[in-house]
Amino acid sequence: MQRKFKTVAMAAAVVSSLALAGCATASDSAAPGEAAGDCAPSDGPVELTFTSWVPGMDKVVELWNEQNEDIQVEFQTGPNGNSGTYQNFFNEIKAGNASDVGQIEYDALPNFRVQDGLENIAACGDILAAGDDFVDWTWSQVTFGEDNAVYAIPQDSGPMAMYYRADLFEAAGIPVPTTWEEYAAAAALIKAEGSYITNFPKTDVNWFAGMVWQNGGQWFSNDGDNWGVELTSPESIEVADYWQTLIDNEEVSALASFSDEWNNSFDTGQQWTWISAVWGASTLSTGAPNQAGNWRVAPMPQWEAGGEDAGNWGGSSTAVLKGSDHPYEAAQFALWLNTDPDALAMANELGGLYPASKEGATLPAFTGESEYYGGQKIYDVFAEASANVIPDFLWGPTMTQTYTDVSDGFGTVLGGSGTLADALAAGGEKTVEALKAQSIPVQE
């Protein structure tokens, strides 16, 4: 099978330039390709602060504190990153009183990098060697492809697959789609049954980005000096035109994601599939309790028959924020948090995280049968998907603004005006304006 993306080596060369673009690097930071500076253990007992919004993470921190008397961590909770925590981080970094360690989603890391908000922890013990412990594409997200540079430790990921109502497809005699062409054909048949194949989520632009990711597309590029904005790349437009047809044919609904009405649509058979991430397994079982045993999971439909490409929706990292007085200890805590079996198991049980650690996928929570999904070992599907996520997808440094602008355009489309391609074009133009407003160099 011919895959529709560059090699990892080529991707690394492109992404490594991220550290140069619009970044006023501090004097003690390593330049791309150079070894990081000294990162020695601190003398005496150490106290760290860690900010995260994941439920139950305070209990995981308690486990660390029980095992590490000389390195104690104070846990601080905050809202989801884009809801306020990131801005708090930036304000605190500027004021010199930021948390030592913070949870940052992959799509927000470039924003922190171009603003020099992250410590390069590569020299903080055995951090560089830990790269082999994580799924390859997640390690690319936290290193930006640089040699001898690590700016965070991968925490969790969101490989995507297709949840589907096996009972409804069987009763209607409709084959479970394996390609996007088959998916469109099934959408028309399901509409004739009085239901929808799925819901188009206007506000979940990162979901749409996962679709583009699967198709081998890019939204951003960097040539070493300037950022390129490519929301209307051929692969992106192909995805937009595909979903535009389903919208025009009224074969998808347009409910507010994760609302009561949205949950009810899955619980009453109005929606037959959901293309979503691994974390959606608990969302679906909670929101559609009456359909226990009827849902299954299959790989994402493919653009070419026989393909295996997957997208990703979500995931985060544990980063050492700029200015930490104890980067060595902070890095060791971040590494433990995302590799220790007990910590991973607790983070999954209490917070629903799907670990980026390769060993994490072998935890009992991810190897057994799922009663809700008819006894299927659904995490086998997601493990395969994670291995097939294209490794070189590059996020831009203003993703919150990009999401908002594209979402506004998607809402207009669902209201009956314009197209998804139009929304992407407008979002791209506004993204360029936002980059220029922040004095981030942009390709003309």
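**Notes on selected helices and residues**

1. Leaving aside neighbours within four places in sequence, Phe382 is in contact with Pro159, Met160, Ala161, Tyr163, Ser276, Ala277, Val278, Val297 and Tyr354, where contact means heavy atoms within 4.5 Å. Phe382 is located in helix α14, residues 378-387, with helices (H or I, at least four residues) and strands (E, at least two) being DSSP runs numbered from the N terminus. Phe382 has 0% relative accessibility and counts as buried; buried means under 20% relative accessible area, exposed over 50% and partly exposed in between, for a 1.4 Å probe and protein chains only. The C-alpha atoms of Phe382 and Pro159 are separated by 6.1 Å, although these residues are 223 residues apart along the chain.

2. On provenance, this is a predicted model, in which local features need pLDDT of at least 70 and side-chain atom pairs count only at pLDDT 80 or more, while totals for chains, interfaces and linings use all residues. Residues are numbered from 1 along each chain as its sequence is written, and side-chain values use heavy atoms, with hydrogens and water left out.

3. Met346 belongs to helix α13, residues 341-351, and is partly exposed, with a relative accessible area of 23%. Not counting residues up to four places away in sequence, Met346 touches Lys59, Val60, Leu63 and Gly351. Between the C-alpha atoms of Met346 and Pro201, which are 145 residues apart along the chain, the separation is 31 Å.

4. How far apart are the end C-alpha atoms of α7? They are 19 Å apart, which agrees with the 18 Å that its 13 residues should span at 1.5 Å a residue, the expected span being 1.5 Å times one less than the number of residues. Trp180, Tyr183, Ala186, Ala187 and Ile190 are the buried residues of α7. Seen down the helix axis, these buried residues fall within an arc of 115 degrees, so they line one face of α7; the arc is that of the directions from the helix axis to the C-beta atoms. Glu181 and Ala192, on the other side of α7, are exposed.

5. The partners of the buried residues of α7 are β4 (153-165), α6 (166-172), β5 (198-199), α8 (205-214), α9 and β9 (273-277). With α9 (residues 234-248), helix α7 (residues 180-192) packs at an angle of about 10 degrees, the axes being 11 Å apart; axes are lines fitted to C-alpha atoms, for helices over the stretch in contact, and angles run from 0 to 180 degrees between N-to-C directions. The two helices α7 and α9 are therefore roughly parallel to each other, a term for angles under 35 degrees. In this pairing, Trp180, Tyr183, Ala184 and Ala187 of α7 meet Tyr242, Trp243 and Leu246 of α9. The contact residues divide into 7 nonpolar, no polar and no charged, where Ala, Val, Leu, Ile, Met, Phe, Trp, Tyr, Cys and Pro count as nonpolar, Asp, Glu, Lys and Arg as charged, and the others, Gly among them, as polar.

6. Some backbone angles deserve a look. After α7 comes Gly194, with a positive phi near 95 degrees. Asn148, which is not a glycine, has a positive phi of about 55 degrees; Asn148 sits in the loop between α5 (136-143) and β4 and is partly exposed at a relative accessible area of 32%. Glu250, also a residue other than glycine, has a positive phi near 55 degrees. Glu250 lies in the loop between α9 and β8 (252-253), where it is exposed, with a relative accessible area of 55%.

Definitions and conventions: Parallel < 35°, antiparallel > 145°, perpendicular 65-115°, else oblique.
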